[in-house]
Amino acid sequence: MNWPNHAAYAFVVTIDVDGDLPLLAKHPGNVERMKSRSAGLYGPEVGVPRLLRVMSDLGIVAHWFTPGEIARRYPRMIREVHESGQRIGVHGDRHLDFGRLDFSEQVEEIVAGRAAIQEIIGQEPQGFRTPAGEWAPGFPEAMDRAGFTWSSSLASDELPFPLTGSGLIEVPFRYELEDQQYLAYNLDPPFPPGLSRITPLESVADNWWCEVRGAERFGTLVHLRLNAEVMGTPGRARMLHRFLAELAGRGTAWFTTGDEVAAHSRSAGADPDHPYAMFMKLAAENR
């Protein structure tokens, strides 16, 4: 794909601000587990302000995917992120597992989350990211009808592509360009289950740089997907600042947002024969 300004590749940062909602969604009894909830609440209460300073210092506009319930709890935080020039995306309402919801409940989860955010910032977010679990058949079409223009929910490519049957563009992510796969950890309940994991930051940065050099060669999208409670610690935020500053200094990337990269892909004629179209065809034939 040809990127604006003759850039070698596109670069997008997204930050999930889930708080304690994933834990609460797993079981209602987890509401009493304040020690575990506190690990998630570190995100909106400590991680977001620190990561916002990183983005502001470097002049980078990120997309912050936030559930509606977190927006209701932390309206001042949402306003500060928005008023600093950053973008807000929808990450559900209560971060419910889509695998446990029917079609109408999935739609309500996203639409209700958008309403909560819109009430605070006065604008309707255009992009969404589904919480845990798979969406039901027809969900992208429903999001198109609801007024969304793009999704960032699938890990199936390094380039944006159309979600066949809808007007949406998918801005995909890759797990090797996240923080959670390397750094997320909780003692009780254990996360990840049965496995401790706090990777040295030097190894994380090395992996990210491998992906950047590959994107420079192949002209793809580098989508750095972060979590406020994971990347928002002092040492990790410092590593992130150094990584982003060095990356910007190379002068080879188009620093952009989910809104902009989706719009560019649509205008550039995103591949209508993407494998997602074949997947949808096969899925329909086997229902």
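Trainee: So what do the side chains of R76 and E80 meet in?

Mentor: A salt bridge, at 3.2 Å, N to O. That term means a side-chain nitrogen of Lys or Arg within 4 Å of a carboxyl oxygen of Asp or Glu. Keep in mind that this is a predicted model, where local features need pLDDT of at least 70, side-chain atom pairs count only at pLDDT 80 or more, and totals for chains, interfaces and linings use all residues. Residues are numbered from 1 along each chain as its sequence is written, and side-chain values use heavy atoms, with hydrogens and water left out.

Trainee: Where do R76 and E80 sit, and how many residues apart?

Mentor: In helix 4 (residues 75-83), four residues apart, so about one helical turn separates them. Helices here are DSSP runs of H or I, at least four residues, and strands are runs of E, at least two, numbered from the N terminus.

Trainee: Is R76 buried or exposed?

Mentor: R76 is exposed, with a relative accessible area of 63%, while E80 is partly exposed at 40%. Buried is under 20%, exposed over 50%, partly exposed in between, using a 1.4 Å probe and protein chains only.

Trainee: How many salt bridges does the structure hold?

Mentor: It holds 15. One of them joins D16 and R225 at 3.1 Å, N to O. D16 is in strand 1 (residues 9-16) and R225 in strand 8, so the pair ties together parts 209 residues apart in sequence.

Trainee: And are those two buried or exposed?

Mentor: Both D16 and R225 are buried.
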